[in-house]
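This briefing sets out selected features of the structure shown below, grouped by topic.

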Amino acid sequence: MQGKDKRKENKGKKKKGRSFQNNMYALKTVWSISHSRVIQNIFDNAFGYATWVFTSAFFLKYIIAALEEKKDFGSIMQIILFMALLCLAADLQASYYRGKVVPLTNVKIYKALYARIYKKARNIELACFENNEFYDKYRMAIDQAADKMCEIVNHLIQIVFAVIGGVIVYGSMFSIDPYMVLFVAAPVIGNCVLSPILNRIVMKRYKRTTPYTRKMEYVNRVLHLADFSKEIRLTGIFGLMKKKYAEAEKMVEKEAERTVQKISIVTWLCNMTTYTIIFEGVILYGGYLALVRKTIGLAEVAILTTLMTTASFMLMDIMESVINLVNNSIFIENLRSFLEHKEVIPDDGDGLDPGTEIESIEFRNVSFAYEEGKMALKHLNFRFDKNTEIALVGHNGAGKSTIVKLLFRLYDPTEGEILLNGRNIKEYNVRKYRELFAAAFQDYKIFAFSVRDNVMMRRSGTEVDEAVQEALEKAGLWEKVRSLPKGLDQNLTREFDEEGVWFSGGEFQKLVAARAFIKSAPIKVFDEPSSALDPIAEYELFESIRKEGEGKMMIFISHRLSSVKNADMVYMLEQGEVIESGTHLELMKQNGVYADMYRKQAENYLPGGYHGDLLIPAMVEGGSDGE
């Protein structure tokens, strides 16, 4: 039992230590971005608290004493005028700080901090974003991260000056009546004992409800995205979305119901100890001293009341700042753990320059699992040589796209190694290695930018228009683009442009193929590049792809075997394993799974069924891309 208590005590100390480190991390981060923000914050708090203390502890006392001693009106007016000027200067300083310094430095801090967050987000391997726990932390990390850091800086500085001001004010109170200081115990209990309890309850509720609020936010977001509008209107998915939203909302409500009674009771106790006891108590005690014991005058009661009010608010400032520091520390902990995450495959990781001459790519006994114990690929061994056309074929889920992800180093093999020109790809500079590839992905994304930007996928100028046009011509999309009102400058989607256009599925696939055409790379990968195209458009696209592949290594991924029959090597995959390999003719002679799949697909293409090795795309009357 003692061991358990000791571990709990050590855990508490460690947590407090980490909280302090997180707050210092926030201070250092803001200081590194904007010295001005921290210095101006110090000056603002110093000026504000100095004015407050002077008014409460000295100004009122002086005025009352001067009136009792019947000093001349001129000397009294001088101190009043001085106080008015001091308050005016404090107001001007506060207005300058909040009206100019805070907005301008906020922009600077936000820009610098989110640049770090987005750089890290780009560096982190895909597996992290597929991990719900990690993704929740990432979401909490970017949830007002800059605001939380600025709040921490302000609270740290505020604590320092509130403590200094509080010592002066409590000293003045003690000089009037020593027992008056005992009333400080009430807000101390409220802020140091009860408020942390309240904070823990609220934070636990926040953590428990985060997965459900994410679902609710997802439904809210999907409802106004054009990508989902057709399915929402033509199917019953809206009802399902409402159900999912209601389920998540119910869990949030259930969690609120679980904690509402505790929160209500603790909040009431906090208010009683923090406000009611101290304010009402001081007035009653001061009246008792003046009217019953007659140890102080009514003037001192007024001064004492003012001092207690000031002291109480300063103490509450300290306690609230401490609570906010602890509270915000949890957010900073998520941010720190995100920014300090050690990437498995850092996007900016250094290494050897692979050059541009590609001799071979080899998979040696490569296995891979997205989740432990569930192998997506099993003991793959094959070699791709330069100037060859390789096809990876098989049913959906066979592991074709996973091979490409490993090839691009979006993941690393669980077992085995991948070699480029005889070296493990882990030895190469990640960005330079990935520059070797141009790809058209099956699960492509279209960005709310111009056609030009969606093809180039990088910063571009008018000098690239000729290259973009050529790529679109190869993909069979130029005539469509040139007919648009703004041509290459036409924005895609209506996310930010009411005049934005939305292509058909086949047209979007052609645009994605143009991305691969425009990039000068020795290895080109086409992942199901024609799944939304009719047979004629598919045939024309593959003709362009083959011409583009001259002198390069080409890798096709497809379940349509008609598109890969001219490949130099075909690998048939099933459940993460290569079950057959060879040229199209060799695989047809083997009369195995590939041959059977090819014949079945041919029957769907040719009138009268499959005839020998002939496969010509059927002419589809009135067919259009993506329709």
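Tyrosine 594 and tyrosine 598 both belong to helix 19 (residues 593-605), where they are four residues apart, about one turn of the helix. The model is predicted. An α-helix has 3.6 residues a turn, so residues three or four places apart point the same way. The ring centres of tyrosine 594 and tyrosine 598 lie 6.4 Å apart with the planes at 15°, so the pair counts as stacked; planes under 30 degrees apart fall in that class.

- Methionine 588 is found in helix 18 (residues 584-590).
- The relative accessibility of methionine 588 is 11%, so this residue counts as buried.
- Between methionine 588 and arginine 599 there are 9.3 Å in space, C-alpha to C-alpha, while in sequence the two are eleven residues apart.

**Aromatic pairs and charges over rings**

- Across the whole structure, a search finds 24 aromatic pairs.
- One of these joins phenylalanine 517 and phenylalanine 526, whose rings are tilted, at 6.0 Å centre to centre and 50° between the planes.
- Both phenylalanine 517 and phenylalanine 526 are buried.
- One aromatic cluster is made up of Phe408, Tyr428, Tyr433, Phe437 and Phe441.
- Lysine 148 places its charged end over the ring of phenylalanine 331, 4.4 Å from the ring centre.
- In the case of arginine 336, the charged end sits over the ring of tyrosine 25, at 5.0 Å from its centre.

- Five of the five residues of strand 3 (residues 389-393) are buried, and the strand is mostly covered.
- Glu389, Ala391 and Val393 point one way from strand 3, whereas Ile390 and Leu392 point the other way; all are buried.
- Strand 3 pairs with strand 8 (residues 553-558) in the parallel sense, over five bridges.
- Within strand 8, serine 558 stands opposite valine 393.
- Strand 3 also runs parallel to strand 9 (residues 569-574), to which four bridges join it.
- In strand 9, valine 570 stands opposite alanine 391, and tyrosine 571 is the bridge partner of leucine 392.

- Strand 9 and strand 10 (residues 577-582) are antiparallel and pair over five bridges.
- Glutamate 574 has glutamate 577 of strand 10 opposite it.
- Two residues separate strand 9 from strand 10 in this hairpin, and glutamine 575 in the turn has a positive phi of about 50°.

**The largest pocket**

- The largest pocket holds about 1,800 Å³ of space.
- Its lining consists of 41 residues, of which Phe408, Leu410, Arg434, Phe441 and Met457 lie nearest the centre of the pocket.
- Elements that give two or more residues to this lining include helix 3 (73-123), helix 11 (400-407), strand 6 (437-440) and helix 16.
- By class, the lining of the largest pocket comprises 23 nonpolar, three polar and 15 charged residues.
- Helix 11 is mostly covered, with six of its eight residues buried.
- These buried residues of helix 11 are Lys400, Thr402, Ile403, Val404, Leu406 and Leu407.
- Arginine 409, which follows helix 11, has a positive phi near 60°.

**The largest cavity**

- One cavity of 30 Å³ or more is found in a search of the whole structure.
- The volume of the largest cavity is about 30 Å³.
- Ala440, Phe441, Gln509, Val512, Ala513, Glu528 and Pro529 form the lining of the largest cavity.
- Helix 16 (residues 505-518) gives three residues, the largest share of that lining.
- The lining of the largest cavity divides into five nonpolar residues, one polar residue and one charged residue.
- Phe441 lines the largest cavity, is among the residues nearest the centre of the largest pocket, and belongs to the aromatic cluster that includes Phe408.

Methods. Residues are numbered from 1 along each chain as its sequence is written. This is a predicted model: local features need pLDDT of at least 70, side-chain atom pairs count only at pLDDT 80 or more; totals for chains, interfaces and linings use all residues. Side-chain values use heavy atoms; hydrogens and water are left out. On a 1 Å grid over the protein atoms alone, a cavity is a set of points where a 1.4 Å probe fits but cannot get out, and a pocket is an open set with protein on both sides within 12 Å along at least five of seven lines; lining residues have an atom within 4 Å of a point. Grid points are joined across faces, edges and corners, and a volume is the space filled by probe spheres set on the points. Ala, Val, Leu, Ile, Met, Phe, Trp, Tyr, Cys and Pro count as nonpolar, Asp, Glu, Lys and Arg as charged, and the others, Gly among them, as polar. Buried means under 20% relative accessible area, exposed over 50%, partly exposed in between (1.4 Å probe, protein chains only). Two strands pair if DSSP finds at least two bridges between them. Rings of Phe, Tyr and Trp (its six-membered ring) pair if their centres lie within 6.5 Å; planes under 30 degrees apart count as stacked, over 60 as edge-to-face and the rest as tilted. A charge sits over a ring if NZ of Lys or CZ of Arg is within 6 Å of the ring centre and within 35 degrees of the ring normal.
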